[in-house]
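This report is meant for a reader who is meeting the structure shown below for the first time. Please keep the model in view while reading.

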Amino acid sequence: MGGRAEGDGAAAEGDGAAAEGDGAAAAGARPLRRDAELNRRRILRAGREVFAVRGLQATLNDVAHHAGLGVGTVYRKYRDKQTLAEAVFGEELDDIAAMARAARDEQDAFGALAGFLEGALARAAHNRGLRELMRRGDAEGPGLVRARQEIMTHCAHLVARARAEGTLRDGVTEADIAPIAAMIDVVMALPAGEPAGEPWRRYLTILLDGLRAHPEQDPLPGDTL
C-alpha cells in the first residue's frame with residue numbers, strides 16, 4: 001500500500017513536471033510566433049515598397065535588404081518572388097475590385113465608369129510593380145486571377161450601364177478599357193518631373209471626353225485590340 005502511494009505520488013510529481021515543461025515550451029513558442037509574424041509583416045511591407053519603385057524585376061534579395069532581414073528568412077516565408085508578389089498584389093487587386101463593385105451602385109453610369117478608371121489609375125500611378133502586373137499579367141496565381149476576373153466583370157457591367165444610359169460613345173466596349181489604361185501607363189512611365197505634377201490626369205480627361213457620347217459623332221474606325 002505504502003509503496004503504491006509513493007509510486008502514485010512520484011507519478012503525480014512527474015505529471016506536474018511534464019505540465020510545467022509543456023507550459024514553458026508554450027511560453028517559449030509564443031515569442032517565436034510573434035517574431036515570425038513581425039517578420040512576415042516586415043517582408044510584405046518591404047515587398048510593397050520595393051516592387052512599387054523597382055517593379056517586378058526586383059529580387060527577393062532586394063526585398064530582404066530593404067526589410068533589414070537575412071535572405072534566408074525571406075525564403076522561409078516565401079519560396080520565390082512570384083509567391084511574394086502574389087501576396088503583395090493580391091490585396092491591391094482586391095481593393096481595385098472593391099472600387100469597381102462600389103461604382104456599380106452609383107446612379108450616374110458614365111460618372112461611375114469614369115470615377116472607377118480615375119481611382120484605379122491613381123492607385124497604380126506610383127506603383128510600377130502594380131502597373132507591370134496589370135499590363136503584362138506577370139506573377140499570376142489563383143488569387144490574382146480571381147481578382148483580375150472580378151475587375152473585368154465589374155468593368156463590363158459599368159460599360160453596359162453607360163451604354164444603356166446613352167452617355168457612352170457608340171461602339172465602345174469593355175475590351176477598350178485595357179488599351180486605354182495602357183495609354184495612360186505610358187504617360188505614367190515618363191521620368192519624374194517630365195512634366196511636373198500628374199500629367200496622366202490631363203490625358204485621362206481627354207480620353208474620357210472621347211468616350212462620352214456627343215451629338216453627331218463619327219463612328220469609331222477599326223476594331224478593339
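## Helices and overall layout

Helices (H or I, at least four residues) and strands (E, at least two) are DSSP runs, and they are numbered from the N terminus. The model is a predicted one, in which local features need pLDDT of at least 70 and side-chain atom pairs count only at pLDDT 80 or more, while totals for chains, interfaces and linings use all residues. Residues are numbered from 1 along each chain as its sequence is written, and side-chain values use heavy atoms, with hydrogens and water left out.

Of its 225 residues, 33% count as buried, where buried means under 20% relative accessible area, exposed over 50%, and partly exposed in between (1.4 Å probe, protein chains only). Among contacts (heavy atoms within 4.5 Å) with a separation of 6 or more, 71% are between residues 24 or more positions apart.

## The nonpolar core

A nonpolar core is a set of buried Ala, Val, Leu, Ile, Met, Phe, Trp, Tyr and Cys residues joined through side-chain atoms within 4.5 Å. The largest one here has 54 residues, and those with the most contacts inside it are Phe51, Leu84, Phe89, Leu93, Phe116, Leu168 and Trp200. Among the elements that give it two or more residues are helix H1 (2-54), helix H4 (81-103), helix H5 (109-125) and helix H7 (142-165); the largest share, eleven residues, comes from H5.

Leaving aside neighbours within four places in sequence, Phe116 is in contact with Ile96, Met99, Ala100, Ala103, Ile151, Cys155 and Leu158.

## Two pockets

A pocket is found on a 1 Å grid over the protein atoms alone, as an open set of points where a 1.4 Å probe fits, with protein on both sides within 12 Å along at least five of seven lines, and its lining residues have an atom within 4 Å of a point. The largest pocket has a volume of about 650 Å³, and of its 23 lining residues the closest to the centre are Met134, Ile151, Ile177, Ala178 and Ala181. H8 gives the largest share of this lining, seven residues, and by class the lining has 18 nonpolar, no polar and five charged residues. In this scheme Ala, Val, Leu, Ile, Met, Phe, Trp, Tyr, Cys and Pro count as nonpolar, Asp, Glu, Lys and Arg as charged, and the others, Gly among them, as polar.

The second largest pocket has a volume of about 330 Å³ and is lined by 16 residues, of which Val172, Asp176, Ile180, Leu211 and Leu220 lie nearest its centre. Both H8 and H9 supply at least two residues of that lining, which has nine nonpolar, four polar and three charged residues.

## Two individual residues

Arg131 lies in helix H6 and is buried, with a relative accessible area of 13%. Not counting residues up to four places away in sequence, Arg131 touches Ala124, Ala125, His126, Asp185, Met188 and Ala189.

Gly111, placed in helix H5, counts as partly exposed because its relative accessibility is 27%. Gly111 and Thr167 are 56 residues apart in sequence, and their C-alpha atoms are 9.4 Å apart in space.

Methods
Points joined across faces, edges and corners; volume = space filled by probe spheres on them.
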